[in-house]
Amino acid sequence: MKKAKWAKDSQVAEVEATKAVALREAELQKEVEIMNALTQTEKLKAEFLSKASVEYETKVQEANWELYRKQKAAEAILYEKEKEAAAEKATAEAALYSRKQVADGELYAKQKEAEGLVYLAQAQGVYIRTLLGALGGNYGALRDYLMINGGMYQEIAKINGEAVKGLQPKISIWTGADGVGVGEGSDSAMKEVAGVYKMLPPLFNTVHEQTGMLPPTWMGKITES
């Protein structure tokens, strides 16, 4: 009986030991699996973080490159604008200088022209005063002399002569004072004026014969020849 009990106890102890070993093995296996799971999780975390870091760095580099590219493009545009502004400024300054030179030249020319007119007026004043003095202060005689000397009546005769060209007009020839040609043998202003006055009657006759025009009454009348 005792042997049987011992055998039974031994079997029970053996079974319990086997179960204990199996339980321990199961626990160890579970711990191993947990450790493997933790290890895999950490590995996945590391891989994810590494990938995220790489993507972040890539994005940062791309952003930096885009910013750099835009900065360079902006600098190039600014440089071109500065060059254009400098060129426009130089062109404007050159145009302003050119206009100033032209204006200065025109002003100088007008000043010289004005000075010339002043000198001409002064010379004409001296000429008129000299003639008036030679004519004894006779303004009427001075007026007649200036009109005749200016060629007014000769021009009238020329114009009317052109108008009657081909109509065979009558031609008159006359001489100046003392039977000499006009402008010859005159030693003084009085002789010259006297010669001019002696020219008037034949001149008026010629104009009247060729054109039918009569001189103004204040200049005299045509005498019958």
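## Salt bridges

This predicted model holds five salt bridges. Among them are Glu-66 with Arg-69, Asp-104 with Lys-100, and Lys-112 with Glu-115.

Take Glu-66 and Arg-69. Their side chains meet at 2.5 Å, N to O. The two residues are three apart in helix H1, which means about one helical turn separates them. Glu-66 has a relative accessibility of 29%, so it counts as partly exposed. Arg-69 is partly exposed too, at 41%.

Asp-104 pairs with Lys-100. Their closest N and O atoms are 3.2 Å apart. Both residues belong to helix H1 and are four residues apart, about one turn of the helix. Lys-100 is at 48%. The cut-off for exposed is over 50%, so Lys-100 also counts as partly exposed.

Lys-112 and Glu-115 form a salt bridge with an N to O distance of 3.5 Å. The limit for a salt bridge is 4 Å, so this pair qualifies. Both residues lie in helix H1, three residues apart, again about one turn of the helix. Lys-112 has a relative accessible area of 41% and is partly exposed. Glu-115 is partly exposed as well, at 34% relative accessibility.

Ile-34, Met-35 and Leu-38 make a nonpolar surface patch. Its area is about 290 Å². Ile-34 sits in helix H1. Its relative accessibility is 42%, so Ile-34 counts as partly exposed.

## The largest nonpolar core

Nonpolar side chains tend to be buried together in soluble globular proteins. Which residues make up the largest nonpolar core here? There are six: Leu-131, Leu-132, Leu-135, Ala-141, Leu-142 and Tyr-145. Helix H1 (2-134) and helix H2 (139-149) each supply at least two of the core residues. H2 gives the most, with three residues.

## Helix H2: buried side and ends

Which residues of H2 are buried? They are Ala-141, Leu-142, Asp-144, Tyr-145 and Ile-148. These residues cover an arc of only 165° around the axis, so they lie on the same side of H2. Ala-141, Leu-142 and Tyr-145 are also members of the largest nonpolar core.

Asn-138 caps the N-terminal end of H2. A side-chain oxygen of Asn-138 lies 3.1 Å from the backbone nitrogen of Ala-141. After H2 comes Gly-151. The phi of Gly-151 is positive, near 80°.

## Overall fold

How many helices and strands does the protein have? It has four helices and zero strands. Along the sequence, the pattern reads α-α-α-α. The protein has 225 residues, of which 12% count as buried. The buried residues include the five listed for H2.

Terms used: Residues numbered from 1 in each chain as written. Predicted model: local features only at pLDDT ≥ 70, side-chain atom pairs only at ≥ 80, totals over all residues. Heavy atoms only, no water. Core = buried A, V, L, I, M, F, W, Y, C linked by side-chain atoms within 4.5 Å. Buried < 20%, exposed > 50% of the residue type's maximum accessible area, 1.4 Å probe, protein only. Patch = residues over 30% accessible without salt bridge, like charges linked within 9 Å, V, L, I, M, F, W, Y side chains within 5 Å. Areas by Shrake-Rupley, 256 points an atom, 1.4 Å probe, with all protein chains shown as cover. Arc of directions from axis to C-beta. Polar contact = N/O pair within 3.5 Å; in protein donor to acceptor, adjacent residues only side chain to side chain.
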